[in-house]
Amino acid sequence: MNSDFHYYATYCAAVLAGYTHDESLAIAYSDRFVDLCSKTMLSKLKAPAAAATTQLPLEMADMRTDIVGLQHITRIWSSFHFLPRDLYAEPQGRCSKRYKNKYRLICGPNGELLKETVKLAKGKSMQAVGLAMHVLADTWAHQYFAGTPSLVINNTNRYFYELFPSEDGYTEKKITFRHSATSPDDLDNSVYTCSLFSNSENSIMNLGHGRAGHLPDYGFIKYKYLPAWGNYEEILKDNPSDYTHAFYQMVYAMKFLRGAYESFEVDTYDTEVSEDVQKEVNRIINTRQLNSSDDWKALGEKLSGCEIEEFDVDKYQSEYKDADKDKKDDTFLGKFILSALAQKSMVTNKIYSSGNKLAGYSIDYEDKGFKGIKAYKSLVREEDKV
Amino acid sequence: MEAKIRRTQDNLFVLGTSVIAFGLWNLIKFTVYFFVNFDEIIQVTGEKSYWFSVIFSWLMIFISFLIRCYVGFSARSEGKGKHKSVLYLVFAGLITFVYFLVIVCECIYFVVGNERIVTVIVTLIIDVTSLVFLVELMVNSIKIRKLRKDGSK
């Protein structure tokens, strides 16, 4: 998802779910922060590097793609941006275990892991809610891609067509990809930036939706393409529909987290909003623009009656840095870090338990006694507090 | 059906490229052979017929390469979705037949001859691979035409 959806749209969904303005801001901030909390930032804050929820391009350029490096990459991207839909999925036809493990990491909405992600945030901080909403939203936008570098899963080819509604249904326009990180995408001529082709299976170029550029993150776009895993079957990606589902599922999820519903079920959406709001959400999602921040912000301010401050990545950093060692977990970023560790721990454990070692090893510390990364001890302390 | 057509087109594109690549390899192989075995060629052809042999050989190799390029590029074009005439398949069939005969001769030489065994084996492997690609190209081309015909029904 784009930054506008992760911040302002989440704010709108939080308000519709019944959260106050301040709570909604905290949720929205945490949602947006998932895309910024890198190892570099955490080292600046002297915070646990294991809590990284993303990797900067420079960090990824430095990453080794040996088995350990790949597991590290997969842990981050699968936990926060490409939550696997079905860890026990069976690909069509015969395949190697290695391929099957990668196939099973393909992201998609309404999976069991999504249920676990939302339930993990129940009774926890606003930061945990925000993080869960980020993961939820990305399951819609990033579906059909996997959070592990893999040519055979994430690659695409020249067959990429944008679909424009017309009288007879849809007209197709071929999408042209270029490799220019600095030039903005050209919506009028359907020219978009994507990652370079690399025939190395584990190249960083083949991580996530890099080969499709930013197309999955634009709410307005509808397109069809051939994913490498798809066996030449065409995939139709209807982002307006997906984003609308993501929005109303966030409302439902946050209502569950507030206690309005007893359980969280997948494939359930809360559309109990006024027709005006529905129309406005629909209009914003379908508007053909690179950034819809202003529109979402206007809607959010209309819903809450309060001004939404601009996102400031430095806002809570001094609070964390200046806090005493034993008080860091109680700061805004401290709570975010705990939520990130919990999410990463849960997802890695689920992937490992399914017999898939692509995200590395995972130990149930309750069963085996504590072994592992020092940073995760804070999760044990949290459990003890509860 | 659409997926089958796409897969077959993709195969055809790759096979077309491989046919061109093998044609290029033949050209390089002959050039290297010509320069390395310069004296041997003169010995076999005799000095008077030398230039005729050289020019004739080069002409044949070059024509073969051009035919391969025609077959390869037509296959690639058909692999991209354009309709091509059957002519390139006829040429592909001719090259396949010639290759088959060449391979048979190489097999006989392998059995009977005692010199340069390693060279013969490597040449055999490459030629068999080239033959397989040509056969696959024809099979995929016919398959695509059949699928398109079934699709239009």
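Predicted model: local features only at pLDDT ≥ 70, side-chain atom pairs only at ≥ 80, totals over all residues.
Biologist: Which side chains meet at 2.2 Å, N to O?

Modeller: A salt bridge is a side-chain nitrogen of Lys or Arg within 4 Å of a carboxyl oxygen of Asp or Glu. E309(A) and K315(A) form one, at 2.2 Å. Over all chains the rule gives 20 salt bridges. Another of them joins R64(A) and D66(A), with the closest N and O atoms 2.7 Å apart. R64(A) is exposed, with a relative accessible area of 60%, and D66(A) is partly exposed, at 28%.

Biologist: How many salt bridges does the rule find across the interface of chain B and chain A?

Modeller: The rule finds 1 across that interface. E234(A) and R6(B) form a salt bridge, their closest N and O atoms being 3.6 Å apart. The pair joins two chains, because E234(A) lies in the loop between β5 and β6 (235-238) of chain A and R6(B) in helix α1 (residues 2-36) of chain B. Helices (H or I, at least four residues) and strands (E, at least two) are DSSP runs, numbered from the N terminus. E234(A) is partly exposed, at 34%, whereas R6(B) is buried, at 11%.

Biologist: Which residues are linked with R6(B) in a network of salt bridges?

Modeller: The network links E172(A), K224(A), E234(A) and R6(B). K224(A) lies in strand β5 (residues 222-225) of chain A and is buried, at 9% relative accessibility. Contact means heavy atoms within 4.5 Å. Leaving out residues up to four places away in sequence, K224(A) touches several others, including Y159(A), E172(A) and E234(A). K224(A) and E162(A) are 62 residues apart in sequence but 6.6 Å apart in space, C-alpha to C-alpha.

Biologist: What is the area buried between chain B and chain A?

Modeller: The size of an interface is often given as the accessible area lost when the parts come together. Here that loss (1.4 Å probe) is summed over both parts. For chain B and chain A the buried area is about 620 Å², with carbon and sulfur atoms giving 45%. A3(B), R6(B) and R7(B) supply 74% of what chain B buries against chain A, more than any other three residues. In contacts, 4 residues of chain B meet 6 residues of chain A.

Biologist: How many helices and strands does the secondary structure of chain B have?

Modeller: Chain B has 5 helices and 0 strands, in the order α-α-α-α-α along the sequence. The C-alpha atoms of chain B fill a box of roughly 65 × 30 × 20 Å along the principal axes. Of its 153 residues, 36% count as buried. Among contacts in chain B between residues at least 6 apart in sequence, 78% join residues at least 24 apart.

Terms used: Residues numbered from 1 in each chain as written. Chains lettered and ligands numbered in written order. Heavy atoms only, no water. Buried < 20%, exposed > 50% of the residue type's maximum accessible area, 1.4 Å probe, protein only. Buried area = accessible area lost by both parts, 1.4 Å probe.
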